[in-house]
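User: Hi! I'm new to this one and would like a friendly walk through it. Could you show me what we're looking at?

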Amino acid sequence: GPMGLFSFLSQEVAIDLGTANTNIIANDKLVVDEPSIVAIDRNTGKLIAIGEKARQMHGRTHENIRVIRPLRDGVIADFHAAELMIRGMIKMINTGPKFFSPSLKMVVGIPCGSTEVEIRAVRDSSEHAGGRDVYLIYEPMAAAIGIGLDVEAPEGCMVVDIGGGTTEIAVIALGGIVCNRSIRVAGDGFTADIQAYMRHQHNIKIGEKTAEDIKIAVGAALPDIENPPADFVVRGPNLMTSLPIEIPVSYQEIAYCLDKSLTKIEASILQVLEQTPPELYADIVNRGVFLAGGGALLRGLDKRLTDKINIPFRVSEDPLHAVVRGTGVALKNVEKYPFLMR
């Protein structure tokens, strides 16, 4: 039937293995878009749930279930869990036995600050999960391709990709990364900032998942934005009494509590601009800087950076999927792109 044909076609996958979300493209379609989380049975080591189902369990488990985020700060922290996750997510595409054909070709994105050991971990996990031909691409390069920039042109472009674990800043020209920085201030850091702020400011204890919900509902980079979101009501225990309290949280408060982290990102952007050769610097001022990754969705971030740095910053369309889209394009052109790593 048609399913058989599909499994024959999808022997090539592009994977954006993110700290927060994993995306997979097969046959030019985004087939997996799930949180990078697995739930494992403590006693047997077997997989219980993966992705969104596992996220629902986060912070709610009893002692027989472990919920693991296999990636921390953009790199694999738990090798076994990462392998289970990649394998499980590839299985989500189609369950046909033909799928694990001997020639599964994969292109996987990695942070540009990765060490040899970290790169080896991604390669090994991908191979264990069934990849025969594994290619790696640096995430900011993938993001630039996904945004639709011509990375092989002599004109330079600059990409700031704010993911879950890392913010990747890169200047790209002539098919290579000219200068870059990868810093561990990103979405997870924002979430932690919000948890700490709620604890100190409002005496309320919240989990990671709730802090993430606050970030999405009222996250902002500036205390004054055009279409402000309504306050978000948070419920939880008072730290002192453990009695329930309700606190409305405004976007201004979140802009205030994220200020320190955003200032660190600004400083890193300036450091990369300092290292940029003057010809490319001129290109970047002309074209502007492109924001990708989930962090690009922070309300008012583009305006804040534009005002601070005096170069136009623009949010790419669908910033959450820029990396996987670019990885998908690279998958089609593995012969053509010299910057893919075997």
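Analyst: Happy to. One term before we start: helices here are DSSP runs of H or I with at least four residues, numbered from the N terminus. Also keep in mind that this is a predicted model.

User: Thanks! Where is Ala267, then?

Analyst: Ala267 sits in helix α8, which covers residues 251-275.

User: And how exposed is Ala267?

Analyst: Ala267 has a relative accessible area of 38%. Buried means under 20% and exposed means over 50%, so with its 38% Ala267 is partly exposed.

User: How far apart are Ala267 and Ile309?

Analyst: In sequence, 42 residues separate them, while in space their C-alpha atoms are 9.8 Å apart.

User: Let's zoom out. How many helices and strands are in the chain?

Analyst: The chain has eleven helices and 17 strands. Its radius of gyration is 21 Å, close to the 20 Å that the globule rule gives for 342 residues, so the chain is as compact as a globular protein of that length.

User: What does the C-alpha trace span along its principal axes?

Analyst: About 60 × 60 × 35 Å. Of the 342 residues in the chain, 53% are buried.

User: And what about contacts between residues at least 6 apart in sequence?

Analyst: Of those contacts, 64% join residues that are at least 24 apart in sequence.

User: Now the sheet. In what order do the five strands come?

Analyst: The order is β13-β12-β11-β16-β17, in an open sheet with mixed pairing. At the edges stand β13 (176-183) and β17 (313-315); each has a single partner strand, so one side of each has no neighbour in the sheet. From one strand to the next, the twist averages 20°.

User: How do strands of a sheet pair in general?

Analyst: Through backbone hydrogen bonds, running either parallel or antiparallel.

User: Which way do β16 and β17 run, parallel or antiparallel?

Analyst: Strand β16 (residues 289-292) and β17 run parallel, joined by three bridges.

User: Which strands does α8 touch?

Analyst: Helix α8 packs on the sheet and touches β11 (157-162), β12 (167-173), β13 and β17. The direction of α8 makes about 155° with that of β13.

User: Changing topic: how do the axes of α5 and α11 cross?

Analyst: The axes of helix α5 (residues 139-147) and helix α11 (residues 322-332) cross at roughly 85° and come within 6 Å. That angle makes α5 roughly perpendicular to α11.

User: Which residues make the contact?

Analyst: From α5 they are Glu139, Ala142, Ala143, Ile145, Gly146 and Ile147, and from α11 they are Ala322, Val323, Arg325, Gly326, Thr327 and Val329. The residues in this contact of α5 with α11 comprise seven nonpolar, three polar and two charged.

How values were computed. Residues are numbered from 1 along each chain as its sequence is written. This is a predicted model: local features need pLDDT of at least 70, side-chain atom pairs count only at pLDDT 80 or more; totals for chains, interfaces and linings use all residues. Side-chain values use heavy atoms; hydrogens and water are left out. Helices (H or I, at least four residues) and strands (E, at least two) are DSSP runs, numbered from the N terminus. Buried means under 20% relative accessible area, exposed over 50%, partly exposed in between (1.4 Å probe, protein chains only). Two strands pair if DSSP finds at least two bridges between them. Axes are lines fitted to C-alpha atoms, for helices over the stretch in contact, and angles run from 0 to 180 degrees between N-to-C directions. Contact means heavy atoms within 4.5 Å. Angles under 35 degrees count as roughly parallel, over 145 as roughly antiparallel, 65 to 115 as roughly perpendicular and the rest as oblique. Ala, Val, Leu, Ile, Met, Phe, Trp, Tyr, Cys and Pro count as nonpolar, Asp, Glu, Lys and Arg as charged, and the others, Gly among them, as polar. The radius of gyration is taken over C-alpha atoms; the globule rule is 2.2 Å times the number of residues to the power 0.38.
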